[in-house]
Amino acid sequence: MNKGKYTILIALLIISLMMLPACGGAGKQDKPEKIRVAALNGPTGMGMVKMMEDAQEGEDSNYEFSTYGAPDELLGKVINGEVDIAALPTNMASVIYNKTDGQIQLAAINTLGVLYVLEDGNEINSIEDLKGKKINVSGKGATPDFILQYLLKEHGIDPEKDVELDFSMQHADLAAAVAAGDAKIALLPQPHVTSALMKNENIRIALDITQEWEKVVGETNPLPMGCIVVQKEFAEKYPAVLDDFMNQYEDSVKWVNENHGEAGQLIEKHGILPNAKLAEKAIPKCNIVFLAGEEAKSPMNEFLKILLELNPASVGGELPGEDFYYIKK
């Protein structure tokens, strides 16, 4: 082979080697440029606050956190793929899964029941005691409404005949009415429960709905009200990144539950709640948890089945498939 052919072969070899990294880069990447994480203000987002603080303080962090005041504000962001990981109400996760043909997966349950029945008095000590009473509830056709209806029916109480349900006020207004003594019995979520208790020492927690749920459904199926979801494409492309997020998130949840005062300060700083003292006092009653993988499946399936029977639209028309659950490989 002459010198000219050697030169051509060497040139071609060099070009091929130069192209290899570019070809490899087109496949699975180790880490995205940024990880877009969204959370809701309130208990669903409170467990994430230590991660948010660490990301803000860390120079090499590629987490991009955003918070939203209402689930509907976040709904379109998740559907459009504008966030990679999000903290959502559990039934909304099912709705998005069904609406997008399985675009998202449930990575973990992050909040159990945050609902409580408050009373200005001492008459209510069981679900049966609600019969014949007027109950103020914030959010007709929302999850608290469905949960209350289910528990009433399970105790032989007809929600349409045996109680008077008043849906005229939203969370903040109802909490204020309870604190002022204008609403005697009310079903409210945290942190509005704590807000009312802080303003009126005569108000008491009459029923913990999480405990009442477990009495009916069983302790192995606690009431899941908040969760972490991930875009399925992100989970498939960056499994190591997702696993690292999950580990950090679990540590953040533990820290929040063990450091109420400091966590309250960060919750106010990052806009999750408007008041640090309110956050500090609410944390113990917010049931912030980390239940991932197989541990999340049974509580979620049971909860979604019950919602499906009460109102199919509340879960997106049908139960999610098995691929709804992200299981670490």
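User: What volume does the largest pocket have?

Analyst: The largest pocket has a volume of about 850 Å³, where a pocket is an open set of points on a 1 Å grid over the protein atoms alone, at which a 1.4 Å probe fits, with protein on both sides within 12 Å along at least five of seven lines, and a volume is the space filled by probe spheres set on the points, joined across faces, edges and corners. This is a predicted model, in which local features need pLDDT of at least 70 and side-chain atom pairs count only at pLDDT 80 or more, while totals for chains, interfaces and linings use all residues. Residues are numbered from 1 along each chain as its sequence is written, and side-chain values use heavy atoms, with hydrogens and water left out.

User: And which residues are closest to its centre?

Analyst: Leu40, Pro71, Pro89, Pro144 and His171 are the closest, out of 32 lining residues, meaning residues with an atom within 4 Å of a point.

User: Which helix gives the most to that lining?

Analyst: α5 does, with 4 residues; helices here are DSSP runs (H or I, at least four residues), numbered from the N terminus.

User: Switching topic, at what angle do α5 and α14 cross?

Analyst: The axes of α5 (90-99) and α14 (residues 294-310) come within 10 Å and cross at roughly 80°, the axes being lines fitted to C-alpha atoms over the stretch in contact, with angles from 0 to 180 degrees between N-to-C directions. The two helices are therefore roughly perpendicular, a term covering 65 to 115 degrees.

User: Which residues make the contact?

Analyst: Thr90, Asn91 and Ser94 of α5 meet Met300, Phe303, Leu304 and Leu307 of α14, with contact meaning heavy atoms within 4.5 Å.

Notes. Parallel < 35°, antiparallel > 145°, perpendicular 65-115°, else oblique.
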